[in-house]
Amino acid sequence: MRTSNIDLAGKTILVTGAAGFIGANLILELLRTVQPVRIVGVDNMNDYYDVSLKEWRLAQIREAARGAKGSGFFFVRADIADRQAVDGIFSEYQPELAVNLAAQAGVRYSIANPDAYLQSNLIGFYNILEACRHSYDGGKPGVSHLVYASSSSVYGSNAKIPYSTEDPVDHPVSLYAATKKSNELMAHAYARLYDIPCTGLRFFTVYGPAGRPDMAYFGFTDRLRAGRTIEIFNYGNCRRDFTYVDDIVKGVHRVMTAAPERRTGEDGLPVPPYCLYNIGNSHPENLLDFVDILQQELIRAGVLPADYDFEAHKKLVPMQPGDVPVTYADTAPLMKDFGFRPDTPLRTGLRRFAEWYRDFYL
Ligand SMILES: NC(=O)c1ccc[n+]([C@@H]2O[C@H](COP(=O)([O-])OP(=O)(O)OC[C@H]3O[C@@H](n4cnc5c(N)ncnc54)[C@H](O)[C@@H]3O)[C@@H](O)[C@H]2O)c1
């Protein structure tokens, strides 16, 4: 087990992608469980998907912050690809921890819109690394831990399962994956050069209430409700390690409290204080079973009528470029170091999603 070396209470924590799915849930978890805490949320509120969902998440955070005595939430609308804006935020708020979740997500979108990925995922992440590096200027304690989002998509079409962080990942099948792998490489170089304690987390298909409308469970629900047909890729021969968002944010929270130790190597230079983990459910589900459970839960929640003709709204189609047939996380290192493993069953998670969807849209 790794011992916790950071007490989050009383700290100023920067969370980028604060209005995003995982970012907003992480901030809610921190406001619920750490007191007092000062959270600086950054998001550019881009319209990759419905902005009202991002505004709704921010409203939830503001309400939670009002109820968390002694804690504070400060929202800054800014683009992390804007160097001046990032430097300004670091100098104004002096964060002691940084969690970088802001990114252009999505595999398919990266095929037609590569620019957004280069800007947010590469330039944006570089700006965060630079700001962390300069947070130590003048002998200041600066950022004691940078935690950042990577993705299971870095495993590409690797045949060996479950996916381990020890496996080679040099053959990305999408630009999105290439930018996420690049983040890990950049973080390693900055950890080595400037002794910035960094932990990268490879998330596996995260789902839940107020999730991302571009993801399959959400898109399927929208389409079925509109009486349209859903396309099931690779003729349903896909397996995904679906991870419930509460499990993800609990994992991120634990990881935040244990920064890799700074040490000096035999060459007199820092041994990079750098760690990398998978966070996934480690229980891949067949896509057709997943669709089946989703249908049942949509009926149960009253999103769709009990006699809905699912067969008439399903189409099995070939594999899409950039997609992979299976994702399956080896979470043994996370368990060993943090005594934690995501374990919310798919049905429980989809039930909460379906109920949220009903309350939000119907
Ligand atoms: N959800 C998943 O299944 C999943 C899986 C693997 C990795 N990830 C990674 O986790 C992180 C969070 O993902 P999410 O699902 O919450 O996505 P999300 O799109 O809901 O959240 C990302 C947020 O970042 C903001 N953002 C994007 N570019 C920005 C920029 N340049 N400056 C400031 N803000 C910017 C967006 O407005 C959005 O609110 C991302 O890095 C994503 O790549 C997510």
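Predicted model: local features only at pLDDT ≥ 70, side-chain atom pairs only at ≥ 80, totals over all residues.

Trainee: How much space lies in the largest cavity?
Mentor: About 30 Å³.

Trainee: OK, which residues line the largest cavity?
Mentor: The lining is made of L14, T16, V42, I80, V86, I89, F90 and I128.

Trainee: And which element gives the largest share of that lining?
Mentor: That's α3, with 3 residues. Both β1 (12–16) and α3 (83–93) supply at least two residues each.

Trainee: How do the lining residues divide into nonpolar, polar and charged?
Mentor: There are 7 nonpolar ones, 1 polar one and no charged ones.

Trainee: Switching topic: where is A19 found?
Mentor: A19 sits in the loop between β1 and α1 (21–33).

Trainee: Is A19 buried or exposed?
Mentor: A19 counts as buried, because its relative accessibility is 0% and the cut-off for buried is under 20%.

Trainee: So what is A19 in contact with, leaving aside its neighbours within four places in sequence?
Mentor: A19 is in contact with D43, M45, K54, R57 and L58.

Trainee: What about I61, how far is that from A19 in space?
Mentor: Going C-alpha to C-alpha, A19 and I61 are 9.0 Å apart, while in sequence they are 42 residues apart.

Technical notes. Residues numbered from 1 in each chain as written. Heavy atoms only, no water. 1 Å grid on protein atoms, 1.4 Å probe; cavity = no way out; pocket = protein on both sides within 12 Å on 5 of 7 lines; lining within 4 Å. Points joined across faces, edges and corners; volume = space filled by probe spheres on them. Helix = DSSP H or I, 4+ residues; strand = E, 2+ residues; numbered from the N terminus. Nonpolar A, V, L, I, M, F, W, Y, C, P; charged D, E, K, R; others polar. Buried < 20%, exposed > 50% of the residue type's maximum accessible area, 1.4 Å probe, protein only. Contact = heavy atoms within 4.5 Å.
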